[in-house]
Amino acid sequence: MQLTDIAVLATIASCGSLSGAARQLGTSPMSVSRRLAALEHDLGVRLLHRTTRSVALTPEGEAFLPYAQTMLEAEEAARAMLAPTSSGASGTLRMTAPSVFGQAVIMPLIPAFLARNPASRVDLAFSDSLMDVVGQGLDLAIRIAPMRDSGLIARRLADNPRLLCASPDYLTRYGVPKVMKDLVGHSCLVLHAMPQWPFVVDGQVRLLSVHGSVSASSVDSIRAACLQGLGLAMLTYWDVRQQLEEGSLLRVDLLDADMESLSVWAAIPSRHFTPLRVTAFLDILESALDPSA
């Protein structure tokens with residue numbers, strides 16, 4: 001197998017067409033087709049279904065693509081190690097993160113990353129659902145939920161505890177809850193994925209069923225409702241850090257319960273051959289999350 005042929009497959013998969021891959025690679029569609037055919041001949045399998053208008057990976061192609069990307073990243077890492085240049089990292093950084101964290105923390109860092117690494121590009125997928133890092137060819141996943149054994153390599157970046165918060169107007173009108181049972185009389189803004197709120201009582205997690213006037217599927221919607229004075233919300237620190245600093249939201253601490261301690265995690269597909277673009281971005285992100293910075 002030739003790495004140039006493997007690069008052609010990865011580019012076709014990214015672009016979704018032979019002509020798009022040809023434009024990105026600066027060559028002709030016929031040359032792209034020939035390199036793809038050579039790779040299929042070497043492997044002895046068909047990697048793509050081709051029509052006049054589009055292409056799609058075969059099951060064999062889908063299975064091979066993560067290995068192809070790993071081989072290309074290994075070459076990139078080796079070249080960067082042996083011949084570093086002033087242009088920094090290169091290639092497309094494909095990353096996912098929770099929606100609010102992505103907008104509040106990740107997006108402000110993108111200009112600095114691209115300025116330091118002008119040969120790089122960024123492909124972002126902000127979602128509150130967990131995405132398949134390997135299956136979708138992602139370089140990096142930023143996660144807030146507790147990390148479970150998933151085969152990914154996880155790196156802890158910062159604390160991100162859950163906390164209760166509300167707008168000053170809401171607390172003025174309805175009072176500040178002091179203990180867990182007070183929450184029964186309050187409007188609690190419920191995220192669909194978390195219908196019960198976790199509290200830590202005497203070192204054990206206790207789930208409390210809460211109800212309110214608004215429930216929503218996204219963290220962003222819950223935060224917006226909280227800012228509008230519609231109730232109490234349980235969010236994580238980095239989702240509301242700016243609002244707490246501005247005073248548009250206030251933190252609420254209970255006397256008989258603590259908040260669950262979470263962290264910000266970086267998950268990558270493999271410990272080996274981590275692309276320079278990933279380590280370069282994580283350096284910037286870790287600096288931004290450092291409370292002493």
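What covers the buried residues of helix 8? Keep that in mind while we get our bearings.

**Before you click**

This is a predicted model, so to speak of local features a pLDDT of at least 70 is needed, side-chain atom pairs count only at pLDDT 80 or more, and totals for chains, interfaces and linings use all residues. Residues are numbered from 1 along each chain as its sequence is written, and side-chain values use heavy atoms, with hydrogens and water left out.

**Whole protein**

Show the cartoon first. The protein has ten helices and 15 strands; these are DSSP runs numbered from the N terminus, with helices being H or I of at least four residues and strands E of at least two. The C-alpha trace spans about 70 × 40 × 35 Å along its principal axes.

The accessible area is about 15400 Å², and carbon and sulfur atoms hold 53% of that (Shrake-Rupley method, 1.4 Å probe; for residues, only the protein chains shown count as cover). Of the 293 residues, 42% count as buried. Buried means under 20% relative accessible area, exposed means over 50%, and partly exposed is in between (1.4 Å probe, protein chains only).

Among contacts with a separation of 6 or more, 72% come from residues 24 or more positions apart (a contact is heavy atoms within 4.5 Å).

**Stop 1: helix 8**

Select residues 219-227. The buried residues here are V219, I222, R223, A225 and C226. They sit on the same side of helix 8, because they cover an arc of only 160 degrees around its axis (the arc is that of the directions from the helix axis to the C-beta atoms). An α-helix has 3.6 residues a turn, so residues three or four places apart point the same way.

Back to the opening question. The cover over those residues includes helix 5 (99-106), strand 7 (162-166), strand 8 (188-191), strand 11 (215-216), strand 12 (232-236) and helix 9 (237-246). Color those segments and you can see them in place.

**Stop 2: aromatic pairs**

Next, show the aromatic side chains. How many aromatic pairs does the structure hold? There are three. Rings of Phe, Tyr and Trp (its six-membered ring) pair if their centres lie within 6.5 Å; planes under 30 degrees apart are stacked, over 60 edge-to-face, and the rest tilted.

Pick F113 and F281. Their pair is edge-to-face, at 5.7 Å centre to centre with 80 degrees between the planes. F113 is in helix 6 (residues 110-116) and F281 in helix 10 (residues 276-289), so this pair ties together parts that are 168 residues apart in sequence. F113 is buried at 0% relative accessibility, and F281 is buried at 0% as well.

Now go to Y170 and Y174. This pair is tilted, with 4.8 Å centre to centre and 40 degrees between the planes. Both belong to helix 7 (residues 168-174), and being four residues apart they are separated by about one helical turn. Y170 is buried, at 2% relative accessibility.

**Stop 3: D139**

Select D139, in the loop between strand 4 (119-126) and strand 5 (140-143). Is D139 buried or exposed? It counts as buried, at 4% relative accessibility. Leaving aside neighbours within four places in sequence, D139 contacts residues including E73, R94, P269 and R277.

Try the distance tool from D139. L254 is 115 residues away in sequence and 40 Å away in space, C-alpha to C-alpha. D290, 151 residues from D139 along the chain, has its C-alpha 22 Å from that of D139. D290 lies in the segment after helix 10 and is partly exposed at 33%.

**Stop 4: D202**

Move to the loop between strand 9 (196-201) and strand 10 (204-209), where D202 sits. D202 is exposed, with a relative accessible area of 78%. Check its backbone: phi is positive, about 55 degrees, although D202 is not a glycine. Most residues other than glycine have a negative phi.

**Last stop: A56**

Finish in strand 2 (residues 55-57), which holds A56. A56 is partly exposed, at 37% relative accessible area. Beyond its neighbours within four places in sequence, A56 is in contact with L47, L48 and H49. Its C-alpha is 9.2 Å from that of I12, 44 residues apart along the chain.
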